[in-house]
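Hi,

Here is the structure I promised to pass on. Have a look first, and my notes on what turned up follow below.

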Amino acid sequence: MNKLNIALLSGGDSPERDVSLNSGKQVLAALDKKKYNVIGYDPAFDLNKLIADASDIDFALIIMHGKLGEDGSVQGLLDLLKIPYQGAGILGSALAMNKIVSKQLYEHAGILVPPYILLNSLQKISAEECIGKLRLPLIIKPVSCGSSIGISVVKNKVDFDKGLNNAFNYDNRIIIEKYIDGIELTCGILGNTDLQTLPIIQIAPDKKYTFFDYDAKYIPGATNEICPAPIDENIAMQVSELAKNAHRILNCRGCSRTDMILKDGLLFVLETNTIPGMTPTSLLPLSAKVAGIKFGELLDKLIELGRKAV
Ligand SMILES: Nc1ncnc2c1ncn2[C@@H]1O[C@H](COP(=O)(O)OP(=O)(O)O)[C@@H](O)[C@H]1O
Ligand SMILES: [Mg+2]
């Protein structure tokens, strides 16, 4: 069998550049060299080379997160270059990356989301008005970011403006959301149209973290990731249905991972990731492993699904 020439894209310019480079390194190590010739490209520097090499590239693995990586931009470039790639296309990537549009689509489909207020950098809202509407605590996030970058939990009026400024550092549109104090769950999906649910993970950061922030995500051992999540069967079925629905509603392909919070028997959907973390210990690879799919096999599967996608 001829080996496939794979372009491994990692790095880029988003605030999640380091996360992407780290994932890229580990994906490179895990790819089966008997099946693939792998060449790395960092879109922050190597776009001209990627374009020049396009006719020799059989497939691209986009191991990038955030703007200009996970939001449809790179996907559009690869479409123009006629290079197939793993995961969502332009539309799915753009919908899922935008936490406002994805929320509106979830709501339209009857999926519960935490109550929220949208704000752009030209609008003003007072802490009193916001707290009056949503009640403390709040969580403030940029619309298009990831890895919890720019997110703050606001427990009192004094921290409100700090939270706004933190989020506005990363985007000119932000979401002020009611903080749901519950059990955090995440559920990975594999597939284009026939969808496989991966075992659900409960995310339990150490008590010193208020939420699953950047450190809780990336400092080894900071968070207890329990898979399969110790939740009852009925809730697990609902989580799995929600993750599949989110995947379909947002036009995802290949894989996705939807984050949720369970409180008083209700499941609130937070967001869907189209290029979830891709180190062997990241959440989606962890749940794949529990389902018996090793990291290298998961990459094979994503490549296979990407080559079949239309
Ligand atoms: N409404 C909320 N209530 C409670 N915790 C939340 C809420 N929204 C976000 N979080 C916390 O912040 C983390 C990051 O938020 P999320 O919306 O998933 O954005 P990101 O794209 O940065 O992962 C979540 O994993 C969760 O710990
Ligand atoms: Mg998340």
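Ligand 1 lies between domain 2 (95-112 + 181-308) and domain 3 (116-178), because both give residues to the shell around it. Those bounds come from an automatic or database domain assignment.

Before you dig in: this is a predicted model, so local features need pLDDT of at least 70 and side-chain atom pairs count only at pLDDT 80 or more, while totals for chains, interfaces and linings use all residues. Residues are numbered from 1 along each chain as its sequence is written, and chains are lettered from A and ligands numbered from 1 in the order in which they are written.

Back to the ligand. There are 18 residues around ligand 1, and Pro114, Gly146, Ile180, Phe211 and Phe212 come nearest (near means a C-beta atom, placed from the backbone, within 6 Å). Strands S5 (138-142), S12 (255-263) and S13 (266-273) each supply at least two residues of that shell; strands are DSSP runs of E, at least two residues, and helices are runs of H or I, at least four, numbered from the N terminus. By class, the shell has ten nonpolar, three polar and five charged residues (Ala, Val, Leu, Ile, Met, Phe, Trp, Tyr, Cys and Pro count as nonpolar, Asp, Glu, Lys and Arg as charged, the others, Gly among them, as polar).

Cheers
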